[in-house]
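Please read these points with the structure open beside you.

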Amino acid sequence: MVAVFSGMLYGSGVGVLVAVVSWIPRFASDSFGALMNVLAALPLVAVMAAWYRPDRSFGSIALGCVVAVAAAVTVSVCMNFVITPLYLGVSYEEVASLVVPALLPFNVVKASANVVLAVVCTTKLRGFWLMSGETSCEVGAFSQPGRRSRPRRAAFAIIGR
């Protein structure tokens, strides 16, 4: 959720960086799990951040959520066919038998929860950027076309100057 939130506020690059960096400590103990989580987070973060910025209407946000969840679920299920046999030593047929009852529902719920929480947090935190006294804020989704401001100033408004 933090990576999606970061991507929505600061752009796809920052969101992807947060997604990758947040899983680096887990690579030592669970490299397959960490790799799967990073690979699942990348399309979710990239699609949601790219979709959320240009248009802030509810319809656009909802459509962005659906597309981002679909992309993440597609990558997750496909990568399960590659990584799960290597990790658990099971056959492709056994993985295929788990797609509908386990993999698909789990990944849909996980990705949906991430984008919904990120959208709610981003929407609720919008007031912090606007309370800083700036008339526009170029922090991700809250920018106004034709107006430029420094995102750094808006970020400091949250924690105080």
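1. Start with helix 2 (residues 12–23) and helix 3 (residues 31–52). Their axes come within 9 Å and cross at roughly 165°. Axes are lines fitted to C-alpha atoms, for helices over the stretch in contact, and angles run from 0 to 180 degrees between N-to-C directions. Helix 2 is therefore roughly antiparallel to helix 3. (Under 35 degrees counts as roughly parallel, over 145 as roughly antiparallel, 65 to 115 as roughly perpendicular, and the rest as oblique.) Helices are DSSP runs of H or I, at least four residues, numbered from the N terminus.

2. Which residues of helix 2 make this contact? They are Ser12, Gly15, Val16, Ala19, Val20 and Trp23. Helix 3 answers with a list that includes Ala34, Asn37, Val38 and Ala41. Contact means heavy atoms within 4.5 Å. By class, the contact has twelve nonpolar, three polar and no charged residues. (Ala, Val, Leu, Ile, Met, Phe, Trp, Tyr, Cys and Pro count as nonpolar; Asp, Glu, Lys and Arg as charged; the others, Gly among them, as polar.)

3. This is a predicted model: local features need pLDDT of at least 70, side-chain atom pairs count only at pLDDT 80 or more, and totals for chains, interfaces and linings use all residues. Residues are numbered from 1 along each chain as its sequence is written, and side-chain values use heavy atoms, without hydrogens or water.

4. Now take helix 1 (2–10). The axes of helix 1 and helix 3 come within 8 Å and cross at roughly 30°. So helix 1 is roughly parallel to helix 3. Ala3, Val4, Gly7 and Met8 of helix 1 meet Leu44, Val45, Met48, Ala49 and Tyr52 of helix 3. Eight of these residues are nonpolar, one is polar and none is charged.

5. Helix 3 also packs with helix 4, at about 160° with the axes 8 Å apart. Helix 3 is thus roughly antiparallel to helix 4. Their contact has 24 nonpolar, four polar and no charged residues.

6. Last, the largest pocket. Its volume is about 640 Å³. (On a 1 Å grid over the protein atoms alone, a pocket is an open set of points where a 1.4 Å probe fits, with protein on both sides within 12 Å along at least five of seven lines; lining residues have an atom within 4 Å of a point. A volume is the space filled by probe spheres set on the points.) The pocket is lined by 34 residues, with Met36, Asn37, Phe106, Asn107 and Lys110 nearest its centre. Helix 3 gives the largest share of the lining, nine residues.

Terms used
Helices (H or I, at least four residues) and strands (E, at least two) are DSSP runs, numbered from the N terminus.
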